Each structure stands twice: as structure tokens, then as C-alpha cells.
Amino acid sequence: MVEKGDFVLQVSLIAEKTGLTEITPIELSKGGNLIIHLAPHPIVARIATVSSKEDSEYAYKVLDRELRVARHLQSKSIPALSPSELIDAGPYDAGGAWMTLWRYVPPTQLQPPSPSEAVELVNRLSIAMKDFSGDLPVLGVWKRACQSANKLRSSSDQRIQTLLSVFQRVNERMCNESNVLIPCHGDAHARNLLPSPEGWIWSDFEDVSLMPAYWDLASFVGNHALLGGIQQPTFKYILDHFDNGTDLKAFGFAIIARTLMSTLGNLDFSLAGHGDLEFATRQLELAEDFVRQVEIIMAGCD
């Protein structure tokens with residue numbers, strides 16, 4: 001098994017070969033990806049340690065696609081984390097794990113975006129993503145939800161079984177309507193909106209997929225609404241600004257699907273000993289009633 005220190009050494013060697021000198025590697029984050037700031041240079045290395053080990057070819061494709069998506073968003077003037085412009089962004093083989101290089105964003109304090117500002121940020125992102133012409137996985141981010149649902153089918157918890165029944169109906173519709181899917185960020189939640197000196201910018205494009213309409217908007221507000229209720233300010237703002245009943249029903253479907261994906265995925269992950277079981281249980285306690293309330297709102301559009 002390759003140690004973290006070996007990856008750091010490989011990153012430094014690659015950076016030095018591109019002309020960077022006097023590098024001090026600073027670890028910013030570790031998990032599925034190891035994030036290292038190549039101080040004092042304004043460059044961050046993102047090493048896909050986990051996915052490269054599981055499937056190196058797939059990891060390369062994801063990282064390469066992330067770079068292409070980020071450049072596409074730049075071309076559309078969307079505030080997004082940009083690949084390194086000082087040296088080639090990659091991907092590079094860093095001792096058995098694929099790595100890309102990105103612009104370093106220094107820690108920045110910003111006021112959270114208001115509901116209208118948040119919706120504008122997501123809508124601009126979604127409009128720009130529709131024009132992305134590269135190959136994207138069909139329902140790529142949804143496949144993890146299907147895997148989690150399958151793992152939970154043996155659960156004796158009636159709350160989980162109730163959600164799985166809803167999941168089955170949603171999944172059937174997802175698969176049957178694959179011809180109307182659109183390019184989406186895939187995981188446009190608030191933690192992937194980074195504060196920067198230039199304002200809020202989008203990051204983390206590894207889950208870009210062909211998904212239903214309003215998937216990114218549902219991703220952004222989903223957990224906020226689940227935990228805060230249908231009166232949560234951003235969720236309420238969204239509902240109040242839909243003029244078309246068809247669009248409201250499409251958003252309702254997306255928010256239900258995103259709630260199921262988050263709740264079942266976090267439960268699966270936590271029960272396997274890898275996540276926050278208290279948070280996942282809280283989601284489970286709220287999900288059934290929240291889905292029912294959204295279904296009532298959708299029924300009112302008929």
C-alpha cells in the first residue's frame with residue numbers, strides 16, 4: 001500500500017519537473033482525494049487516492065473530465081475553480097494515483113448567499129452545463145444511490161423499507177425517462193460552493209452526469225429543506241418563483257430523488273462504519289414526512 005508521504009513526494013517531484021522550485025507541500029484535506037497546496041505557489045494538487053486504487057482507468061477519465069468541465073464553465077463566465085494555468089494541469093500519474101493541478105484559493109470569509117443569490121448561482125451553473133458537449137455518464141451519480149438501496153433491502157427498519165418503496169418508483173421513472181436527461185454538475189450542494197476573494201465559486205466536478213431537470217437546484221437545497229422543513233428560506237423562495245406547474249413538478253421529482261439518494265447513501269455509508277450515523281439517522285427520521293409534503297405540493301399543480 002502506498003503511504004501518504006510517498007504521494008506527497010511524487011507530487012513534489014512532478015511539480016519540480018514542471019519548473020516549480022522551493023515547494024513546501026501543505027495538506028489541506030484527505031479522504032477520497034488527497035488535497036495538497038504546493039506552497040508558496042498558487043497551485044493545489046488533487047490526488048484521487050481511493051478511486052485510482054479501485055479502478056485506475058476510470059479514475060483517469062473522471063479527472064480528465066473534471067478539467068474539461070471546469071474549462072467549459074470558465075468559457076461561459078461561470079464562477080468556478082479553475083485548473084492550474086501556471087503549469088499543465090494534468091492528469092499526472094503520482095506514484096500509482098492520478099493527480100490534477102488546480103488554482104489555490106486562500107481561506108476567505110464571505111456572508112452566505114441569500115436565497116435569491118444562491119438560486120441565481122445554481123441557475124447560471126445549470127444553464128452553462130447544458131451546453132457541455134463532452135461524453136457524460138447517464139445517471140452517473142444516481143448509480144451510487146442504487147447500490148446503497150440494494151444494500152439496505154435486508155434492513156428490518158420500517159422507515160428504511162418505506163423509503164425503499166418510494167425509491168423503487170423514482171428509480172423506474174429515472175430509467176424510463178433517460179431520453180430527457182441533461183448535463184448537470186451532479187453534486188451542487190452548498191459545500192461545493194467555495195468562498196474566494198472573487199466571491200463564491202463552484203468546485204468538485206467529479207460527479208458531472210446526465211440527470212433530470214433541476215437536479216442541481218435540488219442538490220443545493222435538498223438537505224437544507226429536509227432538515228429545516230418546507231419553510232426553509234431558500235426552498236420556499238424556489239417554490240414561490242415557479243410560474244409553470246410543469247417545472248414545479250419536475251423540481252419536486254428532483255428534490256424527492258435527491259433526498260432519497262442522500263438519506264439512503266448516508267445510511268449505507270454510516271452503517272458500514274464510515275460516516276456520521278447520528279446525522280444519517282436524523283435524515284431518516286425526517287425523510288418520509290418531507291417526501292410526503294413535497295408530493296402534496298406536486299399534486300397541487302394538477
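Hi everyone, let's start with the sheet: five strands form an open sheet in the order 1-2-3-5-4, with antiparallel pairing. Strands here are DSSP runs of E with at least two residues, helices are runs of H or I with at least four, and both are numbered from the N terminus. Two strands pair if DSSP finds at least two bridges between them.

Before going on, please keep in mind that this is a predicted model, where local features need pLDDT of at least 70 and side-chain atom pairs count only at pLDDT 80 or more, while totals for chains, interfaces and linings use all residues. Residues are numbered from 1 along each chain as its sequence is written, and side-chain values use heavy atoms, with hydrogens and water left out.

Is strand 5 mostly covered or mostly uncovered? Mostly covered: 5 of its 6 residues are buried. Buried means under 20% relative accessible area, exposed means over 50%, and partly exposed is in between, with a 1.4 Å probe and protein chains only. Helix 3, residues 56-75, packs on the sheet and touches strand 3 and strand 5 (98-103). The direction of helix 3 makes about 15 degrees with that of strand 5. Contact, by the way, means heavy atoms within 4.5 Å. Axes are lines fitted to C-alpha atoms, for helices over the stretch in contact, and angles run from 0 to 180 degrees between N-to-C directions.

Now for the turns and loops around these strands. The hairpin of strand 4 and strand 5 has 4 residues between the strands, and in it G95 takes a positive phi near 65 degrees. Two prolines deserve a look as well. P40 is in the loop between strand 2 and strand 3, and the peptide bond from A39 to P40 is cis, with omega near 5 degrees. P91 lies in the loop between helix 3 and strand 4, and a cis peptide bond with omega of about 5 degrees joins G90 and P91. Then there is E22, in the loop between helix 1 (4-17) and strand 1. E22 is not a glycine, although it has a positive phi of about 50 degrees. With 72% relative accessibility, E22 counts as exposed.

Strand 7 (residues 193-196) and strand 8 (residues 199-202) run antiparallel, joined by 4 bridges, and the hairpin between them passes through 2 residues. Here S196 stands opposite G199 in strand 8.

Next, two residues in helices. M129 is in helix 4, residues 115-129, and counts as buried because its relative accessibility is 0%. What does M129 touch, not counting residues up to four places away in sequence? The list is V69, L73, P183, C184, H185 and V208. S219 belongs to helix 7, residues 215-228, and counts as buried at 4% relative accessibility. The side chains of S219 and R258 are joined by a polar contact of 2.8 Å. A polar contact is a pair of N or O atoms within 3.5 Å; within protein, one must be able to donate a hydrogen and the other to accept it, and residues adjacent in sequence count only if both atoms are side-chain atoms.

Last stop: helix 8 (residues 233-240) and helix 9 (residues 245-271), which pack at an angle of about 150 degrees with their axes 10 Å apart. Helix 8 and helix 9 are therefore roughly antiparallel to each other; the cut-offs are under 35 degrees for roughly parallel, over 145 for roughly antiparallel, 65 to 115 for roughly perpendicular, and oblique for the rest. F235, I238 and L239 of helix 8 make the contact with L248, F251 and I255 of helix 9.
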